[in-house]
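Let's take a walk through this model together. Have the sequence and the coordinates side by side as we go.

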Amino acid sequence: MIRKRLLVLLLSLTLLSVALSSVGAQTTKAGDVTIEFIQWWAPELPAGSLRAIMDDFEAQNPGIKVKLISGPYSNTHDQIVTGAATGTLSDVVGLDGAWVNDLAKQGAITALDPLMAATNYDASQVAAIIKLNGKSYMFPVASFVYPVFINLDLFKAAGIAKLPTNRTEFLQDATKLTDKSKNQYGWVLPLSLQTPNGVQNDVMSWVWASGKSMLKDGKPDLTNPDVINTLKYIQSMYKKGLISPGSFAKQEQDKVEEFVNGRVGMMIDTLAHINMIRERNPKLNFAISALPAVDGYSGRRGLPYAAWGIGISESSQHKAEAWKLVSYLMSPEVNSKLVSIAHAFPGNVKAKPDFVATDPLFGKGFEIFQSGNLANEFVGLPVAEQLMRSFDEEIQLMLDGKQTAEKAAANAQAKWLKSF
Amino acid sequence: MAFSKKERSLHLLISFRTRRAIAPYLYQAPTIILLTVLMLYPIIVVVRYSLMDNVIMNKHPAFVGLQNYIAVLSDATFRASVGNTLYFTVMSVIFHLMVGLAFAMLLNAKVVKPLVRSVLRVLYIMPWVFTATIIAIIWRLLLNPSGVVNYILQSMGIIGENIEWFSSSAVAIHALTFVNIWAGYPFYMVSLLAGLQGIPNDLYEAAIIDGASESQKFWHITIPQLSPIIISIAMLDFIWTMQVFSLVWMTTGGGPIHATEVLGTYTYKLAFSTYQFSMASTSAVIILVLSMSVAFFYVRHQKARD
């Protein structure tokens, strides 16, 4: 009886110790530092490519191991917020510019300036550092610009010879492309409220393309004539039935699906989707063009963009090692390699992706990128996603005929001022 | 004696009566510990958060009492979400019951052979087996303005032009309720089928002898026999449906313009979009209170049955 009890006790202790030891089996050798890198990039890159870059880093930095934590984009944001709250956030953090203000306020991410100073880092090689109150928080590792995609077959069928360069031409082309009986429309506008970045990419981009702004001295200025005219322009297209129906529940992936299936003639979308579109519909004949500006505008055109940004957690125990990984990913050679496989534009001004020389569509995109300037005024704003959502609600009411463009802008302005 | 010296001393240390008294608690200890750590402690923390002025974003939160509750209860969006949640939940429960009962009675019919019943039961249960994400993807495709449902309805001449099922503020909540009814009826069907098969046949035979019609048999035998089950699953379904989040978030995100805003999406947006964790905790506590009041009746009903 005693022997049986002793045996059971021994067995339970063995099981417990095995279970507990496997939990702490991260560091392989004594002295090795393991840093975690949370991001949404690995699933969007060719399988194993990000891991290969990490392996190269580990080879060049013996004693540091990198553990990749991958997940979808929206999930990553929630994980970072809760990870920061519980103190379990990964050392290196993949960031979107829209999150920086709130995460910095939460104390989740650390200012990078002391780390830059300690290693004499040349900040001028970084394309656009996201700063808040003078402190640097995020480097853009890869930028995805949002030009206009044109379905050339639909253009030919509608008898349009030239790609649109200003708003009037865009409106005329959309009118010629729209044929309700064939379920074909000129433009597609995703305004769903879950991920309301349609406001950033498909609405406000029109304002920035003409070199105008929605802010004044860092404060909201939505009631200025440029914003209101943009709203009226979109409203006119909606009223004329030129926009594919179902905008209020449409998300970015629905927009791309419709373009891939030849149901819309033009869409504003990220260059990152070029390969996906080619895969989904190899027969689709499409081109890239700059976003049209207001008639008569000849200055530099703002190009909306989304970036894969990188930062370091405030609660990280290995900030020096984390900084080594950040500067490695931002170095010209590695940055070129990463943006080449991601089909993005580099965060290091000295880097150049290889696809711009080999692929005509990307080459055109790079041209637009270099002749314009990156413009996304939501980057660095507080509660950026909520700002987009509250503006989205007003735009939906306007398109539904329940209020004028001026009222929509005024209501959004009032809501925004509460957050500033 | 069979006992060794060591065992005897252990037995003398703790009296037999004490051991008998604490034995049930030792058996329950693992579950109680798990529930305390994973449920009770988080609930207490959330209630504490709701009485502070913004936690997590604020390193030094101050106690503000019921201020957050007043703010949430006077928010028009909150009231809209309560209305939507109530409509969504009540309609779901009612139609779950009707559809589930109809399918259960179909499956229970004498003409259905046991093998056929088993196969059909598996097929009819499928909507319940899918996760919210899959259901959302399937129905977003089906109810797309250029999707299959609109095509069929137009071909049959039922509608004149494509309806924007999830994008129109007039139709969105009804489309969403329909999807939830589709996804949830199998739970009722399975429970009611089991209940139907437990109704003794003699009752029906006696009714036939008394000259009862089908409708009288249904209302006076079937329903009263099933009523304990119906009340139980209706209450459970009410509690679960009131807390719906994933289905609504994946299909409409609470839009267009709060037309499908429910308590779950309202709380989520407060926490992860506006970073107001205390307000979100307040909303969560209100949902907890509402769920607990229904749960209270559920537990009382279960106890009455015993």
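**A bent helix, an open sheet and an interface**

Helix H8 of chain B has a bend of about 35 degrees at Gly184(B), with a proline, Pro186(B), following within four residues. That bend is the angle between two axes, one fitted to the seven residues ending at the residue and the other to the seven starting there. H8(B) runs over residues 172–197, 26 residues in total, and spans 38 Å from first C-alpha to last, close to the 38 Å expected at 1.5 Å a residue; the expected figure is 1.5 Å times one less than the number of residues. Helices here are DSSP runs of H or I with at least four residues, strands are runs of E with at least two, and both are numbered from the N terminus.

A word on what we're looking at: this is a predicted model, in which local features need pLDDT of at least 70 and side-chain atom pairs count only at pLDDT 80 or more, while totals for chains, interfaces and linings use all residues. Residues are numbered from 1 along each chain as its sequence is written, with chains lettered from A and ligands numbered from 1 in the order in which they are written.

Over in chain A, four strands make an open sheet with mixed pairing, in the order E7-E10-E6-E11. Strands E7 (185–187) and E11 (286–289) of chain A are the edges; each has a single partner strand, so one side of each lacks a neighbour in the sheet. Inside chain A's sheet, E6 (residues 148–151) and E10 (residues 264–268) pair antiparallel over three bridges (pairing takes at least two DSSP bridges). Look for Ile150(A), whose bridge partner in E10(A) is Met266(A).

Now for where the chains meet: 25 residues of chain B contact 26 of chain A, contact being C-beta atoms, placed from the backbone, within 7 Å.

How far to trust it? The model scores ipTM 0.75 and pTM 0.81. By pLDDT (the predictor's confidence in each residue, from 0 to 100), chain A averages 89 and chain B averages 90. Confidence in chain B is lowest in helix H1 (residues 5–13), at a mean of 63, and highest in H4 (residues 76–108), at 95. Where pLDDT is low, predicted coordinates should not be read in detail.

How values were computed: Contact = placed C-beta atoms within 7 Å.
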